[in-house]
Amino acid sequence: MSTRHGVDRRRVLATTVAGIAAFGLTGCTTKLGSLFSKTEPSAPSVTMTDELVFKPRRVTIRAGQTVEWRNDSVLVHTVTADPGIAAKAADVALPADAKAFNSGNVKPKGKFSHMFTTPGTYRYFCIPHEAAGMVGEVIVKP
Amino acid sequence: MSPTPFKKRPTPLAIAIAAMVGLSFGALTPPAAAQQDMKAAIKKMQSLNQTRGYLDAHKSVKKPLGLLGGPITIKLTQNSGGVFVGLPARRALDPTVFGPPKMPRHYAGSPIITGVPPMLRAKAANGGFQTKVLTPFGNKHIVLPNGRLKISAVDATATDAATTKDKVKMVASWQDKKGNTYQVKCCAKMAAHGLEYPTFGGVVTNVIMHGFTGIGTPLMPSEFAYFAFWGFGEIDMNGKVLDKPRLIHGMLTEYVRKQGYALGWDRDVTPTRTQFHLMVPPVKPDMKNGVFRKAPVKTGFVLPNGKQLPFWHVMFETLNVDSTRG
């Protein structure tokens, strides 16, 4: 009996430890997964077109996410959020602590990515086609 | 009460003028009765051109003065990206350029090329006025791939004259979506003096053009041109010459397009952006009489209606610009 009891106790103890470990690991995995989703989520993408639009014109993301722009047109475009370059002040906006950025020329079939770490509203434009209304917006939530 | 002096029925004069410009775009066919009035009507409008005296005073000058500060050398290229090609469309008239209906401005000269006579102006749906006929200067356009531009130019001669030291070497090309390549080459010869407006020896730098200026069609907005030229060259397709010689005009200007790539009015110009316009107009110069004559360009580019595009109006907007003086 004692042996049995002893065996039973060991089995119970092992099962309990394994259960606690499994529970702990599961919780840990959940927490890691949550952290992971905050730092490296799937990148929202914006298309640049022959019709001189950013499509979609506005994307909403969380801080730390990266947006990718794809040039699906036959034209050269830029992704520019720099008040020093804008033809119209209304075509550019940056949160107080955010740095200006400029992709330079993105050729047909080319791509450009930018990670947004500071929450706020970013309004950007295409340098050659700003006057033709090629302006977009990224809303970054905390 | 309508302030417009425009008549509901077209007069023979209107029909004649419309025929001159409209036929280039397949827009109108003149009634036989109007044919006899056509020549006289166009001649009358051309005789009213206000630059005739200035051009007469300059076109025989054998030793024109040079540019103050010395010649300017210009290099302009586009190495990647597409182009915008203008398609035939009616042009909305800017009231600051063309005046109110009772006091029309810019009506003299060859219609569309240097003026829009009142009988060629029609009420537009939005309450303003527009051309009655299709022109190369509207909002319709297409985007075509693989635009390339290479220009080397010198502005040495300042004024219109019989001779010039101005030079332009230009090769511009683009493709359609079927892979056909269209090319414009210039300039075997410069337009040393203008025909219905000045051309400054063939190349001009740093001047306001079009719109209210009388330099080029008023259908384009008044715009600052950093560099412009007029000369004679050729139109090619897939390496074969289709049309030669043709009058070719190019200019690097302020940006004149607005939302949706519509052609703006004077108030819509963006001074801090540039674009290069290449124009092969559907007219040829009649040097003897000092006027332009209708002559559709053999572009080789077929429109969806099956007709050939009768002009090239092509915009390049991914530009590298370099210039030196002296």
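# Briefing: a two-chain predicted model

Please keep in mind that the model is predicted.

**Backbone features worth a look**

- Most residues other than glycine have a negative phi, and most peptide bonds are trans.
- Chain A has a case of its own: A:Leu52 is not a glycine, yet its phi is positive, at about 65°.
- You will find A:Leu52 in the loop between strand 1 (45–48) and strand 2 of chain A.
- Is A:Leu52 buried or exposed? A:Leu52 is buried, because 24 other C-beta atoms lie within 10 Å and the cut-off is 20 or more.
- A cis peptide bond, with omega near 0°, runs from A:Lys55 to A:Pro56.
- A:Pro56 sits in the loop between strand 2 and strand 3 (58–62) of chain A.
- In chain B, the peptide bond that joins B:Lys244 and B:Pro245 is cis as well, with omega about -5°.
- B:Pro245 belongs to a strand, namely strand 11 (residues 240–255) of chain B.

**Chain A at a glance**

- Chain A contains 1 helix and 9 strands.
- Along the sequence, the elements of chain A come in the pattern α-β-β-β-β-β-β-β-β-β.
- Of the 142 residues in chain A, 28% are buried.
- Taking the contacts in chain A between residues at least 6 apart in sequence, 63% link residues at least 24 apart.

**An open sheet in chain A**

- Which order do the 4 strands of the open sheet in chain A take? They run 2-1-4-7, and the pairing is mixed.
- Strand 2 (54–55) and strand 7 (111–115) of chain A are the edge strands, each pairing on one side only.
- Strand 4 (residues 66–71) and strand 7 of chain A are antiparallel, and 5 bridges join them.
- Within chain A, A:Val67 stands opposite A:His114, a residue of strand 7.

**Chain B at a glance**

- Chain B holds 4 helices and 16 strands.
- In chain B, 49% of the 326 residues count as buried.
- Among contacts in chain B with a separation of 6 or more, 68% are between residues 24 or more positions apart.

**Strand 1 of chain B and its two partners**

- In a regular strand the side chains alternate between the two faces of the sheet.
- Strand 1 (residues 72–78) of chain B has a covered face made of B:Ile72, B:Ile74, B:Leu76 and B:Gln78.
- The uncovered face of strand 1 of chain B carries B:Thr73, B:Lys75 and B:Thr77.
- One partner of strand 1 of chain B is strand 6 (residues 148–155) of chain B, antiparallel to it and joined by 7 bridges.
- Across that pairing, B:Thr73 is opposite B:Val154 of strand 6 of chain B.
- Another partner of strand 1 is strand 16 (residues 320–325) of chain B, paired in the antiparallel sense over 6 bridges.
- Here B:Lys75 has B:Asp322 of strand 16 of chain B opposite.

**The largest nonpolar core**

- In soluble globular proteins, nonpolar side chains tend to be buried together.
- The largest nonpolar core has 104 residues, of which A:Met134, B:Val83, B:Val168, B:Val184, B:Val280 and B:Trp312 touch the most other members.
- Strand 10 (residues 223–237) of chain B gives the most to this core, with 6 residues.
- What does B:Val280 touch, leaving aside its neighbours within four places in sequence? B:Val280 is in contact with B:Val184, B:Ile235, B:Arg246, B:Ile248, B:Val297, B:Phe311 and B:Trp312.

**Where the chains meet**

- The contact between the chains draws 16 residues from chain B and 14 residues from chain A.
- On the side of chain B that touches chain A, strand 12 (residues 270–280) of chain B gives the most, with 3 residues.
- That side of chain B is made up of 4 nonpolar, 8 polar and 4 charged residues.

Terms used:
Residues numbered from 1 in each chain as written. Chains lettered and ligands numbered in written order. Predicted model: local features only at pLDDT ≥ 70, side-chain atom pairs only at ≥ 80, totals over all residues. Contact = placed C-beta atoms within 7 Å. Helix = DSSP H or I, 4+ residues; strand = E, 2+ residues; numbered from the N terminus. Nonpolar A, V, L, I, M, F, W, Y, C, P; charged D, E, K, R; others polar. Buried ≥ 20, exposed ≤ 12 C-beta atoms within 10 Å, placed from the backbone. Core = buried A, V, L, I, M, F, W, Y, C linked by C-beta atoms within 7 Å. Pairing = 2+ DSSP bridges.
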